Amino acid sequence: MPRTIIPFGPQHPVLPEPVHLDLVVEDEKVVEARPSIGFVHRGLEKLVEKKDFNEFVYIAERICGICSFIHGQTYCQAIEAIMNVTVPRRALYLRTVWGELSRLHSHLLWLGLMADAIGFESLFMHSWRVRERVLNVIESTTGGRVIFGTCKVGGVRRDVTPEALAHMMSEVDRIEHEAREITEVFLNDRTVKQRLCGVGVLSRDTAYELGCVGPTLRASGVAQDMRQLGYAAFGELEFKPVTRTEGDAHARCAVRCEEIFQSADLIRQALAKLPEGDIAVNVAGNPNGEYMARTEQPRGEVVYCVKATGAKNLQRFRVRTPTFANLPALVKLLQGCELADVPVLVLTIDPCISCTER
Amino acid sequence: MSYFAMSKLVLKSAVTKPVTTRYPFEPRRALAGSRGTLVFTRDHCVFCTVCAKRCPTGALAVNRTQKKWSIDRLLCITCGVCVEVCPKKSLVLVPAHATPTVTKDRQAF
């Protein structure tokens, strides 16, 4: 059977962002996939040399439009660790709440995209209907819908009033109730299961060896979640990483479905325990030192490496994003799959190309 | 495995009102607390230039001698830093979003 190369992307209906794959196919079977990235590189890491370290939070947030808040939070954590700043507990709890809200909307967005990729248009609309509710909560508490802009070095920039807290609590309950109706379909519907079960199986060992992170790794049975490090307020909240053992596309979908309820639970716990007090401390001087901060994005572990030399501009800034860590797994998943399964498999790692290329 | 997992949701949607609004006939209602537009009030301003110095994108420019305050709406990211630092509270972020900017010139007050 002669081999043919089919180009996939950078413009493809299933891809929200540009990534290119050269698919080497034999008949309808993919033999090899060669990815190429670099379509949306913006040089954000270089900008660190030009911007004040306080102002760089806004740029860190703009690395990604979906997991924006956690990017800003990770950057602040790195700077705070270098400068030995003790962030007020209320700020840590608010960061946790907003981080989990961003995870909620990211997972609901992904569920919608997944439904769209398998041709289940009505389910796609319903997922995004629930996401809209999350975005409204985010907008009324932070002021922005996707770029929150509330994190700063030393704390957060906005407080939450008691009325807003009560509103958040009731909204989280409603979101959880509505999300349950949708995840029920993802987990049990025959059409969804036939499309996803047994597709793109990644064994526990392979996932670990390829350095996968986030839901992609947890769906293969490895209980690794950076929130267990206890950053922000996670050390004082109770949760267990969601895992599945099947390692297929449906397991990755199920992990994200269950993480929606985990996030809702974490938000409730954090709001119930929210301490009184200041929301930020004054930060004086410039950072001098080096630090590596790790947090859990909706897509997996993100690593920030920050190097400062005592000037107001940092010397070096480097981000290892979750999608970059999951790309080797994607290449492995695509080997030997059916050509028609490629869009679904590409989506199961939840690719965020803007993050990857920065 | 279920054949009717979606049926409940479909039936519910069939008897309830649409979630979407008929934009632009029905304008979007701004949420309280949203960072929509930066509004400048000239009366209180002392042209101290703090807002322009602290603006992370350089969208604001203040001329102390000519008593002019100007903003490039295309650069402004409505982060609210200027509102926080303004000593005279002459800047405020209102929830409603402004109409789209169509020209590149600065808005001066």
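Which helix of chain A lies across E6 and E7 of chain A? Before I answer, please keep in mind that this is a predicted model, in which local features need pLDDT of at least 70 and side-chain atom pairs count only at pLDDT 80 or more, while totals for chains, interfaces and linings use all residues. Residues are numbered from 1 along each chain as its sequence is written, and chains are lettered from A and ligands numbered from 1 in the order in which they are written.

The answer is helix H2 (residues 68-83) of chain A, which runs at about 150 degrees to E6(A); axes here are lines fitted to C-alpha atoms, for helices over the stretch in contact, and angles run from 0 to 180 degrees between N-to-C directions. Helices (H or I, at least four residues) and strands (E, at least two) are DSSP runs, numbered from the N terminus. Helix H10 (residues 322-334) of chain A lies across E6, E7 and E8 of chain A, at about 130 degrees to E7(A).

Those strands form an open sheet in the order E6-E7-E8 with antiparallel pairing, where two strands pair if DSSP finds at least two bridges between them. Strands E6 (288-297) and E8 (316-320) of chain A each have a single partner strand and stand at the edges, so one side of each is left without a neighbour in the sheet. Between strand E7 (residues 300-309) of chain A and E8(A) there are five bridges, and A:Val306 stands opposite A:Phe317 in E8(A).

Turning to the two chains, the contact (C-beta atoms, placed from the backbone, within 7 Å) takes 20 residues from chain A and 18 residues from chain B. On the side of chain A that touches chain B, H4(A) gives the most, with eight residues.
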